[in-house]
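My entries follow the order in which I checked them.

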Amino acid sequence: MDRPISEQRCGSLGGGQIVLRYSGMFNQSTVLSLGETCRWSLEATNARAAVRRKAFVVFVEMAQNIVHYARAVGADGVRVGTVELRIAESGQVTLSCSNPVSPDQVDRIRQKLDSVRMLDAEQIRRAYRHQLHDETPESDGISRGAGLGLLTLAREASAPIEYRIDYPSGKHAYPQFHLSVVIG
Amino acid sequence: MDDFFLPATTETPEINFGFSKNVLYISGEAYPENAMTFFAPIRVQLEQYLDRLSAGAQVKAYFALKYFNSSSTKLIHRLIGMLDKAAEGGHRVSLHWYHDPDDDMMIDFGIDLREDFRHIVIELLPLETV
């Protein structure tokens, strides 16, 4: 079995209590039911309405990112990953995700994340607007430049996005990509 | 041209293009697995309709979207671009952009639309009940 689910950990950024955590196979049905659970879980917290809305936006982007871009693993090529939603007493929400990625995509991912991490709010806004008008089709597996998805996460986040790439031991283990976004 | 209707699902908005009355509604949420696949036929329908529009026709579009994911964003933006082009071509086209009054991102998106598209009249309106 080449599904390193047990090796997946989400980022350690932010604090708070876990209100939702899912680790396993991802497809669009998973996204929809998790999305519903995410909304429902957020409703039951003390997070402000604006924070809850942003958290849902980020949650869906993270989950769909796993569906689209996680390295397919196993003979049946399933996508696996982890998403986690935490809430602090202050009402601050932390969303994290992790998934295996292809070794040859690691440099591209680092490049994209590093470039977005350097932007301030106004630069993120401008990059988002620029990307919205860009008619160039995406040419490879991962989106061109810093895609709208990544910029959406950056836009909703109240601190720079945190990421980490681990290299689990094991002959068939893929690099693990971890991402964390703090909201509120 | 026949009217075009798609019922809403959890992940896709209701599309109600009343071509016979020149009224175009989109409402709900958009985060399908493949936004391109979902929006392609909508784009085709709108294109055909706008191509056949009689001179000086008045078109009213109502977009009441509570949420859309990043890949749907671009495609919604392009639909509005098509409407803007029709307005540039001499038709009277208005877009009523509804938003949750507390949703700053959605309000900003509407404000940016006004900057991006100069030929259609864009009205920003709060959704009464969200």
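How many residues has helix 2 of chain B, and how far does helix 2 reach from its first C-alpha to its last? I counted 19 residues (70-88) and a reach of 27 Å, close to the 27 Å expected at 1.5 Å a residue. Helices here are DSSP runs of H or I, at least four residues, numbered from the N terminus.

I noted that this is a predicted model, where local features need pLDDT of at least 70, side-chain atom pairs count only at pLDDT 80 or more, and totals for chains, interfaces and linings use all residues. Residues are numbered from 1 along each chain, chains are lettered from A in the order written, and side-chain values use heavy atoms without hydrogens or water.

I found helix 2 of chain B mostly covered, with 14 of its 19 residues buried (under 20% relative accessible area, 1.4 Å probe, protein chains only). Just after this helix, B:Gly90 has a positive phi of about 110 degrees.

I then turned to the interface. Contact (heavy atoms within 4.5 Å) involves 25 residues of chain A and 22 residues of chain B.

I got seven salt bridges across the interface (side-chain nitrogen of Lys or Arg within 4 Å of a carboxyl oxygen of Asp or Glu). One salt bridge joins the side chains of A:Arg129 and B:Asp112 at 3.8 Å, N to O.

Technical notes:
Helix = DSSP H or I, 4+ residues; strand = E, 2+ residues; numbered from the N terminus. Expected span 1.5 Å × (residues − 1). Buried < 20%, exposed > 50% of the residue type's maximum accessible area, 1.4 Å probe, protein only.
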